[in-house]
Amino acid sequence: MLRDGPMIDAHRVTLPAPDDFDGWRDAARDLAEAGVPASAVVWQVEGGEADLFGTATMQPAAPSFPVPRAFVELAQAVVCHSDPERFALLYAMLLRLKSNRQALDDAADPLVRRLQDLAKAVRRDIHKMHAFVRFREIEAPDGARFVAFFEPEHHIVRRAANFFVNRFTAMRWSILTPELSIHWDGATLSEGPGAARADAPAGDPLEETWRTYYASIFNPARLKVGAMLKEMPKKYWRNMPETSLVQPLIAGARQREIDMIDASAVKDGLKHALEAERRVEPGGNLRASWEALLKDARKCTRCDLYRHATQTVFGEGPLDASIMFVGEQPGDQEDIAGRPFVGPAGQLFDAALEKAGIDRSTVYVTNAVKHFKFEQRGKKRIHSKPGAGEIEACRWWIGQERDLIRPPVTVALGATAARSLFDKVVTISKVRGEPQTLPDGGECWITVHPSFLLRIPEEDRRHEERALFVRDLKRIKERAAELAA
Ligand code: URA
């Protein structure tokens, strides 16, 4: 996609698009190198309003300075926010990082917190778009096309587009939003102007087909009623015809649903949609997307841990697993084997799973951080805890894994996993044993990490804690079965 670069006039920077990360980065780098203070820069988007006003004159750029990868990722998300101050806030942070490369690690700093909140709101909006876009099939002159209308809160459409390309590769589709439209023809993604809601097809008989389609593919294992009501603000409902069916479907029996699939699958238009949905079930596009993700993860340099680790240790397990277990990071043996939970903690985990009646081959097991962090002491590599920056850098991968797998139940094994999944510090003792709602709406159970159980010196307490861990696993198993029943 070709885009114009930023225009820098004195210290007024005009970006051609509201989510123009590259334009912001180039201008910010030049301004920071020239020592221009944050208060002297006006950031604006072409045709939009400016945030701050400054007067000084621009100096020529010098060579750029390195910034942590975590900041680049934070900034890529923050630029998509609709807050007009976002560019100025990022620039202020960049100036801090210039003098202190660790500045982002101070989670209590108000600027760091504000930026993280903005990034979080953007991620949430992207998640909503992934979850709530609903395509309607229309007959175009050149064949069938799936069209959806969506109103995001932030400038996320370009950022969210890849998900749809991966998920609906074989379909031709368009997503219309007030800011811009994106179109996929099976091979190329293109952009067009924004659209009004009326441009998207709606109303009978298409509307009826649409509702029948959603009724037929409705998956109770993926439905969380409380979370859905919380996560699906009313403003999205009018674009989602199936919301009128939510109540009957919750109340309805599985058999009725199966009958509906069979009866309605032959209707015109519906067949394609059903086929498209089936293609993304495990073994179809989903598997291909996961494999592509794994391939990318193997080359990950999002933080510095890759420099000393042997390899990326990615998640493993069936992609339709009803439980996703998230550990902390691979240990020494996992780093060598390239698989999660195969060392001493993994053996304890396997034994506990067995006692709880969970077959490991039916669950997805992954880690919050995908590279082994250690200290070399002589010949030994001693585990060291991942820091906030490393957890943050690796959250991207777990987010992708969750988006693809969408497990009905996620389990955080220990504090690092909980921190990664909830994007904040969580006290395990306060939340253990009760289902929690993740920022993306999923259900999460939090329990201890198997390594903690390995380290307890007193025999009695060790037995007690292991029994509690097995108790947690049994409850989790029951809950997953309940959701799937
Ligand atoms: N500890 C973890 O958290 N994950 C592993 O894969 C191994 C040990």
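Axes here are lines fitted to C-alpha atoms, for helices over the stretch in contact, and angles run from 0 to 180 degrees between N-to-C directions. I wrote that down before looking at helix pairs.

**Ground rules**

I am working with a predicted model, where local features need pLDDT of at least 70 and side-chain atom pairs count only at pLDDT 80 or more, while totals for chains, interfaces and linings use all residues. Residues are numbered from 1 along each chain as its sequence is written, and side-chain values use heavy atoms, with hydrogens and water left out.

Helices (H or I, at least four residues) and strands (E, at least two) are DSSP runs, numbered from the N terminus.

**Entry: helix pairs**

I started with H15 (residues 388-405) and H16 (residues 415-422), which pack at an angle of about 65 degrees with their axes 9 Å apart. That makes H15 roughly perpendicular to H16. H15 passes H16 in a right-handed crossing. For handedness, a crossing is left-handed if the near helix is turned anticlockwise from the far one by less than a right angle, and right-handed if clockwise.

Next I took H2 (residues 69-78) and H4 (residues 110-132). Their axes are 8 Å apart, and the packing angle is about 60 degrees, so I put H2 and H4 down as oblique to each other. The crossing of H2 and H4 is left-handed.

Then came H14 and H19 (residues 459-484), with an angle of about 55 degrees and axes 8 Å apart. H14 and H19 are oblique to each other too, and H14 passes H19 in a right-handed crossing.

**Entry: helix H1**

The expected span of a helix is 1.5 Å times one less than its number of residues. For the 13 residues of H1 (residues 21-33) that gives 18 Å, and the end C-alpha atoms are 18 Å apart, which agrees.

Which residues of H1 are buried? I found Phe 21, Gly 23, Trp 24, Ala 27, Ala 28, Leu 31, Ala 32 and Glu 33. Buried means under 20% relative accessible area, exposed over 50%, and partly exposed in between (1.4 Å probe, protein chains only). A reminder for reading such a list: an α-helix has 3.6 residues a turn, so residues three or four places apart point the same way.

Just after H1, I noted a positive phi of about 75 degrees at Gly 35.

**Entry: cysteines**

How many disulfides are there? The count comes to 0, taking a disulfide as a pair of cysteine sulfur atoms within 2.5 Å. The sulfur of Cys 394 is 5.9 Å from the closest cysteine sulfur, in Cys 300, which is too far for a bond. I also looked at accessibility: Cys 300 is buried at 11%, and Cys 394 is buried at 8%.

Glu 73 sits in helix H2 and is buried, with a relative accessible area of 13%. Glu 73 and Trp 396 are 323 residues apart along the chain, yet their C-alpha atoms are separated by 8.9 Å.

Tyr 91 belongs to helix H3 (residues 86-99), and its relative accessibility of 0% counts as buried. From Tyr 91 to Ser 39 I get 52 residues in sequence and 9.8 Å in space, C-alpha to C-alpha.

**Entry: a serine in a strand**

Ser 174 is part of strand S6 (residues 173-176) and is buried at 5% relative accessibility. What does its side chain touch? I found a polar contact between the side chains of Ser 174 and His 183, at 2.8 Å. A polar contact is a pair of N or O atoms within 3.5 Å; within protein, one must be able to donate a hydrogen and the other to accept it, and residues adjacent in sequence count only if both atoms are side-chain atoms.

Phe 341 has a phi near 50 degrees, positive in a residue other than glycine. I located Phe 341 in the loop between H13 (332-337) and H14 (344-356), buried at 5%.

Asp 423 is not a glycine either, and its phi is positive at about 60 degrees. The loop holding Asp 423 runs between H16 and H17 (428-431), and at 19% relative accessibility Asp 423 counts as buried.

How values were computed. Parallel < 35°, antiparallel > 145°, perpendicular 65-115°, else oblique.
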